[in-house]
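Q: Can we walk through this model together? I'll ask, you answer.

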Amino acid sequence: MNVVDFHCDVLCKLLMDEQLTFRAGKLESLDVTYERLKAAGTVLQTFAIYIPQLLNGRLEPILESVDRFHQLILTCEDMKWVKTVQDLDFCLNNGKIGALLSLEGVDGLQGQMSMLRIMQQLGIRAAGLTWNHANWAADGAMEPRGGGLTAKGRTFVEECNQLEILIDVSHLSERAFWDVAELSARPFLASHSNARAICDHPRNLTNAQIKEIIAKQGLVGITFVPWFVSQAEVVGVDDLLRHIEHICELGGENHIMLGSDFDGIDRYIKGLTHPGELVSLQDALLKRYSSTQTEHFMSGNALRFLKNSLPNA
Ligand SMILES: [Zn+2]
């Protein structure tokens with residue numbers, strides 16, 4: 001079965017440690033490797049550019065991350081850079097693994113829309129305005145004051161709409177989420193967030209937020225971060241299925257995708273520690289859902305969405 005994963009942080013590890021390669025190595029310090037994506041049947045992996053707090057706020061580490069993407073990821077023979085609908089079709093028709101670039105937190109663009117336009121030229125196709133904290137664009141989900149978008153943040157959303165860059169609301173404060181919902185003319189996505197009704201965490205989405213994403217024809221990427229899945233000591237694949245079931249109950253069957261957060265986490269769901277183990281999620285889904293529904297969750301919903309929202313060549 002085809003797999004789409006809309007969020008991983010392997011680029012951050014590749015940025016911070018020059019010894020690492022994207023190929024499976026002896027150290028196995030990466031969750032996402034080329035070999036594991038092949039084993040998983042991945043047709044599209046989104047690579048987030050996330051800059052650790054220590055380096056955050058400057059453009060240079062963002063550009064270095066783009067360089068790592070070209071030097072280490074796109075040099076693997078079956079990886080193919082996806083910037084357009086046509087690139088995605090090529091991957092699907094030729095057994096390639098599509099690689100999509102996203103930006104997680106726009107701090108380093110320093111409020112300059114020219115830098116956002118350059119990001120679009122560099123192939124960025126999705127952008128989350130913040131990580132967990134506040135920046136020039138918006139407040140993040142863990143920012144106690146809970147503000148929304150700034151004036152520049154509003155301009156940013158409008159510019160993203162123009163540039164056909166998808167807005168990722170996963171890390172936004174609730175108020176900023178609703179500002180985006182009101183302002184964005186295009187569907188938006190939460191690349192790696194679960195349902196708050198199942199696991200009460202500020203990084204998860206309320207029922208109202210999930211319904212809004214569905215109404216706007218967007219997507220929710222179910223994430224494997226254990227503490228966003230369950231407050232239990234040991235978290236299993238069945239706990240993840242409760243989030244999928246809940247979003248289905250809200251009418252979201254066609255709006256669910258995966259956003260693993262592999263390489264962004266140091267604890268895992270039991271039996272779901274890297275892309276090579278995604279088959280265990282697929283098997284669990286097939287016990288409860290039809291093969292068509294399972295295929296939609298694993299890849300189909302995300303692919304349909306991207307065919308409607310990526311730029312045309
Ligand atoms: Zn994140």
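**Zinc site and helix packing**

A: Start with the metal: along the chain, the donors of the zinc ion are spaced E-x66-H-x20-H. This is a predicted model, where local features need pLDDT of at least 70, side-chain atom pairs count only at pLDDT 80 or more, and totals for chains, interfaces and linings use all residues. Residues are numbered from 1 along each chain as its sequence is written, and side-chain values use heavy atoms, with hydrogens and water left out.

Q: Which residues coordinate the zinc ion?
A: E104 through OE, H171 through NE2 and H192 through NE2, at 2.0 to 2.2 Å. Donors here are N, O and S atoms within 2.8 Å of the metal (3.2 Å for Na, K and Ca); water is not among the atoms, so sites may look incomplete.

Q: Are E104 and H192 buried or exposed?
A: Both E104 and H192 are buried. Buried is under 20% relative accessible area, exposed is over 50%, and partly exposed is in between (1.4 Å probe, protein chains only).

Q: Switching to helices. At what angle do α6 and α7 cross?
A: Roughly 45°, with the axes of α6 (residues 151-163) and α7 (residues 174-183) coming within 10 Å. That makes α6 oblique to α7. Axes are lines fitted to C-alpha atoms, for helices over the stretch in contact, and angles run from 0 to 180 degrees between N-to-C directions. Under 35 degrees counts as roughly parallel, over 145 as roughly antiparallel, 65 to 115 as roughly perpendicular, and the rest as oblique.

Q: Which residues meet there?
A: R154, V157, E158 and N161 in α6 meet D179, V180 and L183 in α7. Contact means heavy atoms within 4.5 Å. By class, the contact of α6 with α7 has three nonpolar, one polar and three charged residues. Ala, Val, Leu, Ile, Met, Phe, Trp, Tyr, Cys and Pro count as nonpolar, Asp, Glu, Lys and Arg as charged, and the others, Gly among them, as polar.

Q: And α4 with α12, which residues meet?
A: V85, L88, D89 and L92 in α4 meet L303, L306 and K307 in α12. The axes of α4 (residues 85-94) and α12 (residues 291-309) come within 8 Å and cross at roughly 145°.

Q: New topic. Where is R117, and what is R117 in contact with?
A: R117 is in helix α5 (residues 113-121). Leaving aside neighbours within four places in sequence, R117 is in contact with E159 and L163. The C-alpha atoms of R117 and E159 are separated by 8.3 Å, and the two residues are 42 apart along the chain. R117 has 35% relative accessibility, so R117 counts as partly exposed.

Q: What about T46: buried or exposed?
A: Buried, at 1% relative accessibility. T46 lies in strand β2 (residues 42-49). Beyond neighbours within four places in sequence, T46 is in contact with D5, F6, H7, C8, L100 and S102.

Q: Last one. What is phi for Q110 and D261?
A: Q110 has a positive phi of about 50° although it is not a glycine. D261 is also not a glycine, and its phi is positive, near 70°. Q110 lies in the loop between β4 and α5 and counts as partly exposed at 43% relative accessibility. D261 is in the loop between β9 (256-258) and α11 (278-288), and D261 counts as buried at 7%.

Methods
Helices (H or I, at least four residues) and strands (E, at least two) are DSSP runs, numbered from the N terminus.
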